[in-house]
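Visitor: I would like to go through this structure with you. Could we start with the contact between the chains?

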Amino acid sequence: MEDFQAADEGAFNVDETNNIVKECIDNVIGGVDYNHSKINQWIAAVVEQSLMHLVKMGKPYKYIVTCAVMQKSGAGLHTASSCYWDSSTDGSCTVRWESRTMYCVVSVFAVSIML
Amino acid sequence: MGSHGFGETERLKKCKSFQELRAPKTQSALPRKVWGSVLAGSEMQRQQSRLLAKREQEKRRQDHRTVQSQRSKPGTNTSTNRLVSPTENIYEPRPARSFSAEEARAAMRTVLEGRLNGAKYEPQGSALAAVELAECVKKAVKALGYERYKIVCYLVLGATSPSDLSCSSRAVWSPAVDTYAEFCFQNDSLFALCLVFASYHE
């Protein structure tokens, strides 16, 4: 991991993004139970806060953040992504989080821009 | 100058420019034959090392695939044996052809309906099926031929259950050139929500 980062300073920093997103999720839905009437508001808040923190880092990236939340009921859920980009500068990060009553999967895709 | 695609034609152009660079070595003046040719040689070496340094910074587009992983594995970078010409990576603020969300949606519909019609949700096989589907959708959208667009395909596959699933996404990008398309397929056993984001490389 260190070699990968040292080789190209322009590469996407997965660890930092991971921490930012985890923090945002904990802030918004950290201690609450699934609530059907509030879930839309929560998801929007998670996504917007994550985006705001990512943009504040000031890196030359366009960001796409998606969040999927499912109530725990025994049913299965899979997420997958496939990307066509420049893997030396672009990257993605997926954070899986769960609580007693729900699963939350947040994916961040960062696409570089030329400056 | 037209928009640049990535591929073999670019590589061939670069080889030609390297050959032109070699020519000066034979043109050193006669009276100071040895000194002149050494100078030309070292100048060429400096130019070569500059080109080599540029070559090492060369970036190639790679297909990249992730499966529910927290870290994205870097795609293997094949060694680039080509030189960077000054014409590569020109800044082009507007695409020659804007990404059409409708076309992408139609491509996604074709792929998902083709592969999932009559399919049943299986707890064991679905993880792999999700990755393959995402890969297929990405290939289909890539085949539409939008140049300088980076494509991100995100797929959620699950069993139809009485519980809710909510999905939301936001992006910070250039709304004039970047866009997204979505399609949700559902049958009595499973659902598949597919999102394709197209981001212009500016």
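Guide: A definition is needed at the outset: a salt bridge is a side-chain nitrogen of Lys or Arg within 4 Å of a carboxyl oxygen of Asp or Glu. Please also bear in mind that this is a predicted model.

Visitor: How many salt bridges are there between chain B and chain A?

Guide: The count between chain B and chain A is 3. Over all chains, the rule gives 10 salt bridges.

Visitor: Which residue of chain B forms a salt bridge with K62(A)?

Guide: The partner of K62(A) is D178(B), and their closest N and O atoms are 2.8 Å apart.

Visitor: And where do these two sit?

Guide: K62(A) belongs to strand β1 of chain A, while D178(B) lies in the loop between β3 and β4 (179–186) of chain B.

Visitor: How many residue pairs are in polar contact across the interface?

Guide: The rule finds 21 residue pairs in polar contact across the interface of chain B and chain A, with both residues at pLDDT 80 or more.

Visitor: Which elements of chain B give two or more residues to the side that touches chain A?

Guide: They are β1 (62–67), α4 (126–142), β2 (149–159), β3 (165–172) and β5 (190–200) of chain B. The largest share comes from β2(B), with 11 residues.

Visitor: How do the residues on that side of chain B divide into nonpolar, polar and charged?

Guide: There are 26 nonpolar, 20 polar and 15 charged residues on the side of chain B that touches chain A.

Visitor: How many residues does each chain bring to the contact?

Guide: Chain B contributes 61 residues and chain A contributes 55 residues. Together the two chains bury about 5,100 Å², of which 53% is on carbon and sulfur atoms.

Visitor: Back to β2(B), then. In which sense does β2(B) pair with strand β2 of chain A, parallel or antiparallel?

Guide: The pairing is antiparallel, and 8 bridges connect β2(B) with strand β2 (residues 77–85) of chain A. Within this pairing, S82(A) has C153(B) as its bridge partner.

Visitor: Which strands form the open sheet, and in what order?

Guide: The order is β3(A)-β4(A)-β1(A)-β3(B), which makes 4 strands with antiparallel pairing. The edge strands, each pairing on one side only, are β3 (91–98) of chain A and β3 of chain B. From one strand to the next, the twist averages 10°.

Visitor: How many bridges are there between β3(A) and β4(A)?

Guide: There are 8 bridges between β3(A) and strand β4 (residues 102–112) of chain A, in the antiparallel sense. One bridge pairs V95(A) with V106(A) in β4(A).

Visitor: Which strands do helices α2 and α3 of chain A lie across?

Guide: Helix α2 (residues 14–29) of chain A lies across β3 and β4 of chain A, at about 35° to β3(A). Helix α3 (residues 39–56) of chain A lies across β1 (61–71) and β4 of chain A together with β3 of chain B, and runs at about 25° to β3(B).

Visitor: Finally, what joins β4(B) to β5(B)?

Guide: A hairpin of 3 residues joins β4(B) to β5(B). These two strands run antiparallel with 8 bridges, and V196(B) in β5(B) is the bridge partner of A181(B).

Definitions and conventions:
Residues are numbered from 1 along each chain as its sequence is written. Chains are lettered from A and ligands numbered from 1 in the order in which they are written. This is a predicted model: local features need pLDDT of at least 70, side-chain atom pairs count only at pLDDT 80 or more; totals for chains, interfaces and linings use all residues. Side-chain values use heavy atoms; hydrogens and water are left out. Contact means heavy atoms within 4.5 Å. Buried area is the accessible area (1.4 Å probe) that two parts lose on being put together, summed over both. A polar contact is a pair of N or O atoms within 3.5 Å; within protein, one must be able to donate a hydrogen and the other to accept it, and residues adjacent in sequence count only if both atoms are side-chain atoms. Ala, Val, Leu, Ile, Met, Phe, Trp, Tyr, Cys and Pro count as nonpolar, Asp, Glu, Lys and Arg as charged, and the others, Gly among them, as polar. Two strands pair if DSSP finds at least two bridges between them. Axes are lines fitted to C-alpha atoms, for helices over the stretch in contact, and angles run from 0 to 180 degrees between N-to-C directions.
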